[in-house]
Amino acid sequence: MNLKTLSMSVLLTAVALCCASALAAPAPDAKTEPLKVGFVYVSPIGDAGWTFQHDQARLAIEKKFGNKIQTKYIESVPEGADAERVIRDLAQNGYKLIFTTSFGFMNPTLKVANQYPKNYFEHATGFKTAKNMGFYNARFYEGRYLAGIIAGKMTKTNVAGYVASYPIPEVVMGINAFTRGMRSVNPNAQVKVVWVNSWYDPGREREAADTLVSQGADILTHHSDSTAVVQAAEAKKVYAIAYHSDMSKYAPHAQLAAVTHHWENYYTGVVQSALDGTWKPDRVWGGIKGGFIDVGPINPVVPAAVVALVNTAKADIASGKLHPFVGPMRDNEGKERLAPGQTISDEALLKMDYYVEGVQGKLPTK
Amino acid sequence: MDAFVNLIALTLAAGTPLALAALGELVTEKSGVLNLGVEGMMTVGAVAAFIVAVNTHSPWLGIAAGAAAAAVLALVFAFIVLSLMANQVATGLALSLFGIGLASFVGRDYVAKVIDGLPALHLPVLSDLPIVGALFFSYSPIIYLTLALFALTQWVLTRTRAGLIVRAVGESPPAAHAIGLPVIRVRYLCVLFGGLCSGLAGAYLAVAYTPLWAEGMIAGRGWIAVALVVFATWKPWRALAGAYLFGFVTLAQFQVQAWGTAISPQFLSMLPYLATIVVLTLISRNALTVRLNAPVSLGKPFHPGD
Amino acid sequence: MMLRLEPRPEPSRLAVWLSPLVALLATLAIGAAIFAWLGFDPKNALAVFFIKPINSWYGVSELLLKAAPLMLIANGLALGFRANVWNIGAEGQLILGALGATGIALAFDGVEARWLLPLMLICGTVCGIAWAAIPAFLRTRFRANEILTSLMLVYVAGYLLSFLIHGPWRDPEGYNFPQSILFSASALLPTVGAEGRLNISIFFALGVALLCWLFVKKSWLGFQMRVAGLAPTAALYAGIPANRSVWLGLLAGGGCAGLAGACEVTGPLGQLTASVSPGYGFAAIIVAFVGRLHPIGIVFASLLLSLLYLGGEAAQIQLGLPSAITGLFQGALLFLLLGADVFIRYRLRFVFSRLASSDVTPSPEPAPPTLPASHH
């Protein structure tokens with residue numbers, strides 16, 4: 001074929017497209033507009049995991065506010081150049097309030113927020129704000145600490161296995177809090193960590209879980225997005241602590257408890273303030289206190305005394321009496337990180353890049 | 001000893017989906033067709049297997065359905081590249097795209113479902129023997145099926161008339177055509193076999209290994225399978241060894257991590273891929289082995305009427 | 001009676017431009033059927049998918065922004081594909097390009113100079129070339145198959161990126177999150193147009209397409225490579241070294257992918273992030289073939305694929321179509337486009353069953369039909 005015929009073919013294609021454009025849709029009518037709320041998800045919703053919990057909250061606000069709001073979600077949005085366009089498209093299409101629920105959406109959200117000063121943006125797990133952009137996050141580590149108490153009491157080998165995704169502070173914080181929770185009731189407890197370098201790869205998560213069991217772990221937990229680890233525990237007849245969502249239907253015997261995320265309360269408040277016209281950008285880091293995080297259904301095999309212990313600790317964390325990171329605290333190389341009685345600052349938490357005593361190995365980013 | 005037996009068991013479990021998919025692709029390529037759509041076929045196999053297993057409560061029916069669904073997809077591919085003579089590389093890539101899209105579309109209502117996975121083999125006395133029981137008689141039935149399929153394929157390819165025909169078609173379609181062999185029909189069948197195996201591999205992941213269905217659960221294993229075929233220089237036993245080697249290296253790096261080393265997990269994760277490159281290079285140095293085994297007409301379309 | 005394909009004495013000019021049109025119309029029909037089945041108004045759904053995304057300058061600028069890397073990489077790869085050099089690791093070469101550009105940006109952070117951006121782009125290109133040189137070396141020196149080695153290196157590149165972004169290259173002020181500092185203004189590509197984020201990378205892409213066209217049509221080396229691809233044995237007799245094709249084919253693809261990666265971090269991203277590309281390196285392979293390995297065809301194929309992505313997003317936002325539909329739709333269109341090209345070289349004939357068996361007459365093996373027959 002030569003150039004002429006080729007460009008001809010393309011021209012015709014273009015003409016065909018233009019013809020089709022004549023059939024374009026009519027504009028929607030605008031009467032009493034409900035508040036349009038958009039959600040940008042990094043992964044498919046699925047049945048458990050990070051995005052699933054955000055979508056549960058979306059469904060909850062839909063139910064609560066009825067026809068006063070209209071919600072829309074865009075799933076599987078890759079972090080990167082495409083995210084900015086998706087967020088902008090939502091803003092352009094009249095979505096007044098937009099939640100972007102992955103760290104990688106921070107800079108794209110900020111860019112769009114600057115271009116659409118009248119829209120409200122809420123970004124999860126980041127640290128940047130603007131006049132019309134706030135961020136929110138949860139103190140997942142508080143739930144991890146409570147789960148650690150259960151694990152510390154239930155382990156027989158004194159070894160727990162932790163399947164982790166990427167060495168970012170949020171994950172490291174969780175590992176450390178879990179370890180401190182375990183050792184608060186069982187000073188001999190050790191935690192082994194395997195990094196799978198993926199948020200979501202059921203096969204690899206399964207392999208990592210099997211490996212940890214083969215090295216003596218009799219309780220598994222995970223910071224990854226699938227149900228593979230608790231399913232592996234069920235198959236290997238060891239215990240598991242699920243993360244993000246309650247996964248007991250996947251592992252009715254193995255799951256001792258689940259550290260669960262809850263965004264409903266927060267989203268309800270944000271939507272209410274947007275409806276009232278009182279929305280302001282905020283920096284929210286809620287925990288057990290604000291109902292952001294919980295330790296889910298505790299398996300009946302856990303003795304009542306242990307459940308009581310967990311409940312006490314939970315109440316103490318909520319009231320501020322207990323903090324998972326209070327000195328004396330050493331890292332696993334023996335260096336003192338907190339002096340006796342000293343409570344860790346939020347700043348130090350958010351930059352945590354060491355393992356505490358009781359975690360085996362060395363943090364990969366160091 | 002226990003740790004060793006354990007590692008063997010884990011390696012077999014992790015390497016089996018790779019081995020199955022690689023075997024199918026190997027036969028496809030032996031006939032001269034390059035199908036890069038393995039990832040898509042595995043995904044469709046996984047979702048079909050899971051859906052049927054949920055609805056019939058029979059993992060075995062699920063596995064059969066997975067293999068069949070992927071075979072249908074392979075037929076679409078075969079029609080486009082064999083009957084319409086489209087480019088195989090591009091069509092294979094499009095097949096992956098299509099398969100993944102199709103699977104997540106039909107599987108949307110099934111991500112929340114739970115099934116009892118295919119149980120591992122348990123023989124009354126044998127499986128309970130110390131060490132020997134764990135080492136030989138306690139795996140998922142699919143693992144034994146995979147080994148049998150490899151033995152069968154090896155035998156067919158090297159010892160039978162059918163194998164000779166496949167190889168002849170892959171070597172020189174015009175010559176095969178000239179002596180009256182139905183080139184296109186043979187290629188159709190080989191592509192179909194590739195689809196069946198890929199589907200089986202996906203089904204194994206969905207109803208036996210993890211067992212669950214979710215988007216993206218194949219996570220690149222189809223690509224590894226394609227790579228393993230070249231790595232194996234189109235020899236079934238090498239593909240099998242390669243698949244288990246790959247599984248082993250992946251697990252070994254998890255083991256090393258769990259012992260608590262200071263090596264970055266990213267570098268450890270690179271190991272299986274680097275190992276593949278190194279071994280391939282070593283094998284390829286000897287020109288003869290490659291030339292003797294590589295199907296000469298790989299990737300080239302053939303039309304008998306030209 | 002049944003249908004059979006018969007070779008045409010010479011490629012049909014009519015079919016050359018009719019086949020993509022037929023494929024497109026067939027896809028629209030299939031799409032309409034799927035949409036109707038899902039309970040959407042097919043006319044409206046198609047309009048949202050194909051028209052809405054580009055009915056404004058902003059939409060067009062986004063289309064071009066997404067098409068630029070595809071165009072760049074596909075043209076580079078096509079050079080190799082025409083010579084039967086199968087680089088399918090452009091995704092890895094793209095990542096290396098992004099790393100190369102970022103390395104310079106981090107080394108000269110705070111420097112406001114005109115040379116910074118060109119240096120970043122050059123370094124990105126060179127890194128892409130270097131990454132592609134590995135399979136080229138292994139192929140020419142050890143005969144290691146480049147399909148496999150280039151593919152394996154994609155994973156290695158991904159882990160390298162992961163290591164750097166979670167470790168040494170992360171923003172020290174960024175709470176250890178996996179992203180680099182934001183690049184300074186002098187390290188960013190200038191944008192084109194009053195609004196939107198389209199940048200000059202589209203001109204790089206078009207420039208490369210032009211260069212490729214000139215190379216293929218006008219240069220002796222381009223001719224040699226085509227011969228080497230068409231008939232390796234003949235090329236050998238003619239004294240054309242096969243290794244040169246391998247090197248050139250792989251390095252061209254690597255360089256273009258590297259440049260595309262550099263343009264991503266200096267363009268829409270403005271920093272290095274944990275995921276640089278949503279699979280441009282693989283999508284570009286499809287683009288190359290849908291464009292029939294022809295530089296001009298590739299330009300339009302990249303626009304089409306880019307439109308499919310934007311259409312999928314628009315359909316999700318405006319119609320609530322599941323994202324899975326997009327993949328399904330893209331796959332179907334690509335199947336049809338690839339399959340329909342058969343009518344350029346073959347025609348359909350109705351024949352009676354006795355002669356219908358297609359395995360009767362021996363015949364020489366045809367050349368791959370995807371090659372642009374430039375001498376017509």
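Modeller: Start with the open sheet of chain A: six strands in the order β7-β6-β8-β9-β10-β12, with mixed pairing. Keep in mind throughout that this is a predicted model. The sheet has two edge strands, β7 and β12 (293–295) of chain A, and each of them pairs on one side only. On average, neighbouring strands of this sheet are turned by 15° against each other, direction ignored.

Look next at one pair within the sheet. Strand β9 (residues 239–244) of chain A and strand β10 (residues 255–261) of chain A run parallel and are joined by five bridges. α8(A) touches β6 (159–164), β8 (219–223), β9 and β10 of chain A. The direction of α8(A) makes about 165° with that of β9(A).

Now the division of the chain. Chain A is split into domain 1 (35–138) and domain 2 (140–260 + 293–350). The centres of these two domains of chain A, taken over C-alpha atoms, are 29 Å apart. Eight residues from domain 1 of chain A and ten residues from domain 2 of chain A make the contact. On the domain 1 side, helix α2 (residues 50–65) of chain A provides the largest share, three residues. By class, that side of domain 1 of chain A has four nonpolar, four polar and no charged residues.

Strand β1 (residues 35–40) of chain A pairs with β3(A) in the parallel sense, over four bridges. β3(A) also pairs with strand β4 (residues 120–124) of chain A, again in the parallel sense and over four bridges. Follow F99(A) across these strands. F99(A) is the bridge partner of F39(A) in β3(A). In β4(A), the bridge partner of F99(A) is E122(A). Strand β3 (residues 97–100) of chain A is covered on both faces. L97(A) and F99(A) lie on one side, I98(A) and T100(A) on the other, and all are buried.

Helix α5 (residues 140–154) of chain A has 15 residues. From its first C-alpha to its last, α5(A) reaches 21 Å, close to the 21 Å expected at 1.5 Å a residue. Because 14 of its 15 residues are buried, α5(A) is largely enclosed by the rest of the structure.

Turn to the partner chain. The contact takes 29 residues from chain A and 30 residues from chain B. Three elements of chain A, β7 (190–195), α7 (202–214) and α8 (228–236), each supply at least two residues of the side that touches chain B. α7(A) gives the most to that side, with nine residues. By class, the side of chain A that touches chain B has ten nonpolar, eleven polar and eight charged residues.

D210(A) counts as buried because 25 C-beta neighbours lie inside 10 Å, and the cut-off for buried is 20 or more. Leaving aside neighbours within four places in sequence, D210(A) is in contact with A232(A), K236(A) and L10(B). D210(A) and A232(A) are 22 residues apart in sequence, yet 6.8 Å apart in space, C-alpha to C-alpha.

V326(A) is found in the loop between α10 (304–319) and β13 (329–330) of chain A. V326(A) has 14 C-beta neighbours inside 10 Å, so it counts as partly exposed. Not counting residues up to four places away in sequence, V326(A) touches L338(A) and T343(A). The C-alpha atoms of V326(A) and G216(A) are separated by 29 Å, and the two residues are 110 residues apart along the chain.

Last, the other chains. Chain B is also in contact with chain C, through 51 residues of chain B and 48 residues of chain C. By class, the side of chain B that touches chain C has 34 nonpolar, 13 polar and four charged residues. Chain C holds 15 helices and two strands. Buried residues make up 60% of the 376 residues in chain C.

Technical notes:
Residues numbered from 1 in each chain as written. Chains lettered and ligands numbered in written order. Predicted model: local features only at pLDDT ≥ 70, side-chain atom pairs only at ≥ 80, totals over all residues. Expected span 1.5 Å × (residues − 1). Buried ≥ 20, exposed ≤ 12 C-beta atoms within 10 Å, placed from the backbone. Contact = placed C-beta atoms within 7 Å. Nonpolar A, V, L, I, M, F, W, Y, C, P; charged D, E, K, R; others polar. Pairing = 2+ DSSP bridges. Axes fitted to C-alpha atoms, helices over the stretch in contact; angles between N-to-C directions. Domains from an automatic or database assignment.
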